[in-house]
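Please find below a colleague's note on the model under review. The sequence and structure are shown first.

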Amino acid sequence: MVRSALFAAVVAAALGLASPLYAQSTVYIPAILELSGAGAVSGTNFRDGMLMAIDEVNAKGGILGRKIKTDLLDTQSDAGISRAQLQKVLDNSPYVVLGPVFSGSVLVDMLLTQQAEIPEIVGGEAAAITQKGDPYVFRTSFGQQFSMPKIANYIRDGIKAKTVAVLWVNNDFGKGGRDNFVKEMAARNIKVVADVSTESGQVDFAADVVKLKAANADAIFVYTNEEESARFLREAKKQGITAPLIGETTLLGQKVIELAQGAAEGVHGHVGLTVDAPIPAVKDFAERFKKRFNYLCDHNGIKGYTAVYIIKYVTEKIGKFDSKLFAETLHGLTITPKDEPGVLMEVSFDKNGDLDRESFLGEVVNGQQKIVAILPKLGK
Amino acid sequence: MIRPATIVLVAAAAIAVVAPFFLKPFGIYLISMWAVLTVAAIGLNLTIGYAGQVSLAQGAFVGIGAYTVALMTQAGWPYPLAFVAAGALCFAVGWILGYPALRVQHHYLAFVTLAFTSLVFLVLRNEEWLTGGTHGINGIARPVFFGWSTGKPLDFYFFSVGTLTVLSGAMWRMLRSPWGRAFVALRENPVRALSLGVDTRRYTLMAFAIGSSLGGLAGALYAPLVQFIEPGSFALGLSFNLLLMVIVGGSGYFFGPFVGALVAVLLPEWTRIAQGYYLLIYAALVMLMMAVCPSGLLGLAARAAKALARRQLPALRAEGAGR
Amino acid sequence: MTSFVQLLVSGLATGAIYALIAVGFTLVWKTSQTINFAQGEFVMLPAFFVLAAMDAGAPFWLAAAIGIALSVVILGLLFKVAIVDPMLKYGVLPLVISTIALSLFLKEGAKDFYSALGQPFPALVPATDIRVLGTVVSAQSLAVLAVALVTIAALHVLLNKTRLGRAMQATAQNPTLARILGIPVQRMILLTFLINGALVAIASILVSPIYLAKFTNGETLGMAAFIAAIIGGFNEVRGAIFGGIILGVLDNLSAAYISSQYRGAFPLLILVAVILVRPHGLLGRAEERTI
């Protein structure tokens, strides 16, 4: 009988019967992130940006006098696990939840946070996230339904292309982007002459470049993750692709430029969040990040950082820790860097949780990302 | 005299019934997941532990079962029908896969089943018109039986544990039957079984097919539990995880899968305290476990019980002699 | 036509890497019945040894030597002594589980202790491109092909033309008989593990400049190794080479001409076909059943 009692005790302890008590002097803001698996890079960047912001805020006394307490839960890049982890934190009554980054996990978690009426500030970019009528979800970067039209306009007006080829990574990030892109192309009467899917983590792009060359499009839209973009660019240069290569942050980032070792010359595209933006606040953030964590952060780091400051600003605005009021207030709100320097750039939220910000058109010149034009907020 | 094993069994059953009332929703979710994974592990245990065939396809069968239930219930079919369909479909697929595949030696079967799992993943991901593609299927409803909804965590837990009990009871009966004894003969010595006139191929194929259908039934429970499925959840990772459960619990032991699944579900939670290094610790612990008790935890328990019995024997003899 | 040749050439370069990894995998499997599910991670890891040595200040050539040495000791000697030997007596299955756990351990270890991001890795030759017969080959790919072929040739000579090599082959084919003949079987087995350790390190140094040193590299490379080894046949080193090259070329051709969404499926289908129709591989000899 002793054995089974012991067994029972062990099981109970493991299942978290003993729950931690959070003191009234802290506010609980946990993060559900991809810290391992396919999304490890995105999740760890988001986490580090977030941690830096939390330390800064806590050093200045926290939010309304309460220090931020956080927990980091790993989704292992699996939506089922992210749901389980979210359930775990919801059991402990968080104020606001941060993450995940992967759109698949976001879509699953949204159902739970909506039920619990807890705001969730996510890193996902899939259009569907803000199309479900969920009043508790908020983005930290453009949804694909906003970024793709900007790129499409650039292809139509800037490049003046009549035919386009698209290369995309076959996961929910790439597929969502490709679907939105193809829709925008159809709306502008530009023909998609090649539709090439690639695998996450793919190394050999010879076959894909051969297909693109054969298609002979006026422009090629590349929508895959950073490392794959670098490998693709090298193969494209090697086989002598002449058509302009257009992309997003994942094609134009400094990291991609470095990894591509010269093959990124002449690449251009639309950049929503970038550490290379010609904005002093952003550049300063990037340097502090690099000094602390020893690597150059990507756009996910900015997402994590600004998310924490958005929480701080709204909470101070409403003057208390009310999750429901937080969500109501954030809808339709505009936060400028003058109000809260931590948001780095002016940002507006609409009633669906989408955000509107300045963005940039960039080009890679001499191994550096050069901002060629600043695109104003859509709302202006 | 009541055997200690029976005491442990009864106590465990009592805990399984009583514990959830003391747990928060997350804890209940975890043990529901345990029940679901145990069903799949029981199926794999039949294939590996009893029929002696190494299969890495169980993850794919869980996936096929989950998608069957998700698609059918979302199209309006009643859940019990979808549940049975999942099991039947996986039985059929297992039979078709096993027919040519079981002709080859053990290690080759591992690779064939590995290839099968990867192929199933590709189909699930690419055929968007059928499966929803890489975005998966969201908002899967929890079943309702005669007015009793399994929507709440506690209700679903009892539904899944109930299903587990029924299925393991059926498995128990099957293994005690002449059929089941033939399975064990297969594992011990396939050549001798052959020489005794046992149609080894038939039995092995049956074991593989039944094991696969159990995987499908586990999938039928997984879909309404998580309420979201995507191709990535059913790839090689799950197959490896299930294999781990069977081996760590003790392959060939009836309760091996139960113990193995418990370890697999709880261990990541315990090591999560180490914040970020937990997968590393998980892997190291499994390797250590393999070095210390490769016949699994139940194998270790059996050895310990035997050693205990041997020590008690002289005392019993003395007792008997003293009368 | 040029695109076909381009694909062929690119496929050959990739295939040479697969061949290198598959050869080591086959050797270890033949001599000690160890199916090393961690072979892919074995190729991923030495690059990090080299990077760590370079971070400590060593020049590339020294870091590479250190990387190979560490790989031989850790992935060869330590692997055999600490993991394979204790488990082998319990049968194949616990060992398979252990190597699966080991692959997870190495992968997470690289991610946690070095970095989750892909790291640029110094190349043996500069990343220039060479035009040959209307196709473009990167100098790096050619270097990879050359080094791989030289290594495989050296291995072939070792195994077939030297006494030591023939002793190793004897151990692989029939350990009991080999022992009777006076061959130090245990030492031969240890030697195959050490050779595998060296082979994976060489493959790692060749591949990482192109792939970037990343903790996920092992996944695709490991799968490719298994498929190449089985297609070619477990009995012959030649088989692994043949399998690797076929795999590299077919992968490229199928991705270009058939379907890119199912590009991963073709190697798998070939694997299944080979196992079902000719399980000893295209070049291997049929194995006798031993009771």
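Predicted model: local features only at pLDDT ≥ 70, side-chain atom pairs only at ≥ 80, totals over all residues.

1. Residues are numbered from 1 along each chain as its sequence is written, while chains are lettered from A and ligands numbered from 1 in the order in which they are written.

2. Chain A gives 25 residues and chain C 26 residues to their contact (C-beta atoms, placed from the backbone, within 7 Å). On the side of chain A, the elements giving two or more residues are H2 (40-59), S9 (191-198), H7 (206-215), H8 (226-238) and H10 (254-260); H7(A) gives the most, with 6 residues. Helices (H or I, at least four residues) and strands (E, at least two) are DSSP runs, numbered from the N terminus.

3. In chain C, the axes of H5 (residues 139-161) and H8 (residues 185-211) come within 10 Å and cross at roughly 170 degrees. Axes are lines fitted to C-alpha atoms, for helices over the stretch in contact, with angles from 0 to 180 degrees between N-to-C directions. H5(C) and H8(C) are therefore roughly antiparallel (an angle over 145 degrees).

4. B:Thr73 lies in helix H3 (residues 58-74) of chain B. With 21 C-beta neighbours inside 10 Å, B:Thr73 counts as buried (20 or more other C-beta atoms, placed from the backbone, within 10 Å of its own). Leaving aside neighbours within four places in sequence, B:Thr73 contacts B:Tyr79, B:Ala82, B:Ile140 and B:Ala141.

Definitions and conventions:
Contact = placed C-beta atoms within 7 Å. Parallel < 35°, antiparallel > 145°, perpendicular 65-115°, else oblique. Buried ≥ 20, exposed ≤ 12 C-beta atoms within 10 Å, placed from the backbone.
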